[in-house]
Amino acid sequence: MIANLIYWITQKKWLIIATTFGFFLYIIPTPQGLSINGYHTLIIVAVALILIVFEPVPLPAVAFFILFMQVIITDATPNEVASSFMSDAVFFIMGSLMLAVAIVKQGLDKRLALGIIRMTGNKTWRIVAGFTAISAILSSFIGEHTVAAMMMPVGLTLIRNTSKDPSKIIKLSSILLFSIAYGATIGSVGTPSGGGRNVIMLEYWSDFGIGHISYLTWMKYAYPMVILQIPFTVLILWWTFTPEKKTIDTGVRKLVIQVAKSGKMTGKQILSIFLFVLVFIGWIFFGEKIGLGFVALIGVFLYLIFGLVEWSDLNRSTNWGVILLFGATISIGLAMKKTGAAEWLAMGALNTLNSFFHNIDYSRAGIAVILTGVLSNILSSSATIAVVGPIVLNLGGDPVLYGFATAIASAFGYFTVVAAPACMIIYSSGMVKTKDFLRAGWKMGIMSVFMLFLVSFFWWPLLQ
Amino acid sequence: MVYSNVKFLLAIGSKEYSEPTLIVGSLIAKTFKADLSLVYVGEKPKQIFEGRIKLSRDSLAKWEIYHPGIEVLKWAFKYLQSSGYLETTDGNGFNPENIVEEHNRYRLVLQGSFGRDVDLILREGKIIDELRKECFEQEYTLTIIGGSKKRRMAHDLVQYLPTSIFVVQNLDPTKQYKLLLCVDDSKATKSAVRFGATIAKNQGMFVNTLTVSKTTQFGKGYRGAAKAAGRYLKSQKIPFEQHFITGDPVKTFLDFAGDDHIIMMGDSKQSPLIKFFFGSKPIKTLKKASCPILIVR
């Protein structure tokens, strides 16, 4: 009995720390300039962040905590919380997770493998460049984890075909897997459908009365970042993991034979691509009117009625806990805006940074880029945008530009395994180590911040 | 002493580090005619990415690329076949696709008959947490695990696992080891003596029993326990010597054991709370030992 109790305490120490910390904040006086509701909202955010980072409880429990605490310790009514919980962004996250399952199920990865190899040949640098570019471009439309799930088998098969002894091709393995992960990550900012965080930012712009940004407008602002980063990512990866083999002839030949066995493209595969093109067109032309989330749901509906995916597959492979969590974090994000907590935090951060930078724009950019980049590496990008978004949009200056900078910076999760789903996917193969993320990540981080600086100073003014 | 219906849990982590654990673990399981479960505990992805990792694994499985843990279990299964622990050389028993999800763990269903009960288990999460869940769900007698460099590992193993624990650290399978039976007045000493005697008898090991007192006086309980141990070893016709030494128990155990003994001791009779804050003889010995150690409950 006592042993079990001690064990429970050791396992749930972060739950105990989070609740104790929350209770301590609750009983001390409200900080000056902040409303009581705003303060209580920030307490909920602080406790939820600890629970999300250290995971002492399942994610749906964190989502429920965020929701019921708003009703209990702030003046939000149950109906207000419920309506802020479900939004187009949540539908988009749900729809895109399901679309990913539907697309991956079609076995298009073999077609993809053949296409890439035909383009790149057997030279390692060309394969790395091909993996990075294809992952980036595809992920900008269908999301990074979908691309990582499709590209991983191609990369791992190539590695396995090249040598039976993985210890002889450690760097080759790393460069191929990182070209998939980092390629998918840099691409995910290109369009709103590249990642849930982009749609969360669109939702905030709309809910905060800043304006509606269309799919194409987003692309005009963000896509140059994708294009610019591709060649530098290849260079950085080559510099960090210069591979043992400059050509991988055997690996490529075996892969082509293996893929060729799968025969010609099936009718289902063609239909699946056609449906995704329809969804893409829907996002561009109807996204503003009916919402990107609802377009995604129409896509899922079409995949289901054409029998391309079973509901049981969608149900089994969709992480409902993530959907609940994003609904709850967006809800608390909106509460931060409504209660003035976001503005109070934004002003506090701005005043602090102004003592370091005398130019207020640098302070704003520092908060938007550095804070987002750091938090993304700890929390995951979507959760970061949900929490940091309302703060950044209250910093003053042009909220659209700072919103873009924040959404783009949330993809700078190169340093840790937990930053991006693509990073976690390659890590789960057991072929890359956590220190590899640091080795390549710091170079990627500097490169991406520099590119964002270039794009925001030279490209974005042309669009205004 | 006849042991019946015993189940051993053997934790493996990689081909590189788990070979000695597998060799010794399977030998001991054979000695006790125990059912053996091999468990691989892999890192669990962040909850936020779980669904996406699953999707990626489904995609990889179509290319016959499986979870890294399945590769380790396959290697362990093949070792058990080649070492003669399993009585068939049929290589088709292991099929990565025959994996079933049950009780938050994955079990590989082996095809065919192998003469012994072997389970191959894959779990994801923190090692102690997963071993503990496995032990409570399946009621094992002994958990066999390799040594770890993590400071808290020794403490957590002894504190939280409900089974006896055999930590196979720095073990050279080609070397002839002696058994060091640490004897005191704890309840578990009796079990340790019987457990040790069974191993020693089957593996032809020499036994040293060691009783350590902090003072020059050896209390009635200590003397009685040593006498009972000697009597039992004698009845089992196991060659042994008995030693009584004054000094710090943990240091004396470790000095005596050197690198040619397997230490065997009973678990402490102290309350879990005392053990948590101040440790116990087994915990301290395990933390400092550089040889294999078996703690019997």
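**Note on a predicted two-chain model**

1. A:F326 is buried, because its relative accessibility is 3% and the cut-off for buried is under 20%. The structure is a predicted model, and every value in this note is computed from it. A:F326 sits in helix 17 of chain A, which covers residues 320–339.

2. What does A:F326 touch, leaving aside residues up to four places away in sequence? Its contacts are A:V90, A:I93, A:S382 and A:A383 in chain A, together with B:I48 in chain B. For a sense of distance, A:L228 is 98 residues from A:F326 in sequence, and the two C-alpha atoms lie 30 Å apart.

3. On the chain A fold: the chain has 23 helices and zero strands. Its radius of gyration is 23 Å, close to the 23 Å that the globule rule gives for 464 residues, so chain A is as compact as a globular protein of that length. Along the principal axes, its C-alpha atoms fill a box of roughly 70 × 60 × 50 Å.

4. Two further values describe how chain A is packed. Of its 464 residues, 58% count as buried. If one takes the contacts in chain A between residues at least 6 apart in sequence, 79% of them join residues at least 24 apart.

5. The accessible surface of chain A is about 18500 Å², and carbon and sulfur atoms account for 70% of that area.

6. Which helices each supply at least two residues of the nonpolar patch? They are helix 14 (267–290) and helix 15 (292–305) of chain A. Helix 14 gives the largest share, nine residues.

7. The size of an interface is often given as the accessible area lost when the parts come together. Here chain B and chain A bury about 3600 Å² between them, with 62% of it on carbon and sulfur atoms. The contact involves 53 residues of chain A and 32 residues of chain B.

8. How many salt bridges does the rule find across the interface of chain B and chain A? The count is one. The side chains of A:R316 and B:D58 form a salt bridge, with an N to O distance of 2.9 Å.

Key: Residues are numbered from 1 along each chain as its sequence is written. Chains are lettered from A and ligands numbered from 1 in the order in which they are written. This is a predicted model: local features need pLDDT of at least 70, side-chain atom pairs count only at pLDDT 80 or more; totals for chains, interfaces and linings use all residues. Side-chain values use heavy atoms; hydrogens and water are left out. Helices (H or I, at least four residues) and strands (E, at least two) are DSSP runs, numbered from the N terminus. The radius of gyration is taken over C-alpha atoms; the globule rule is 2.2 Å times the number of residues to the power 0.38. Buried means under 20% relative accessible area, exposed over 50%, partly exposed in between (1.4 Å probe, protein chains only). Contact means heavy atoms within 4.5 Å. Accessible areas come from the Shrake-Rupley method with a 1.4 Å probe; for residues, only the protein chains shown count as cover. Buried area is the accessible area (1.4 Å probe) that two parts lose on being put together, summed over both. A salt bridge is a side-chain nitrogen of Lys or Arg within 4 Å of a carboxyl oxygen of Asp or Glu.
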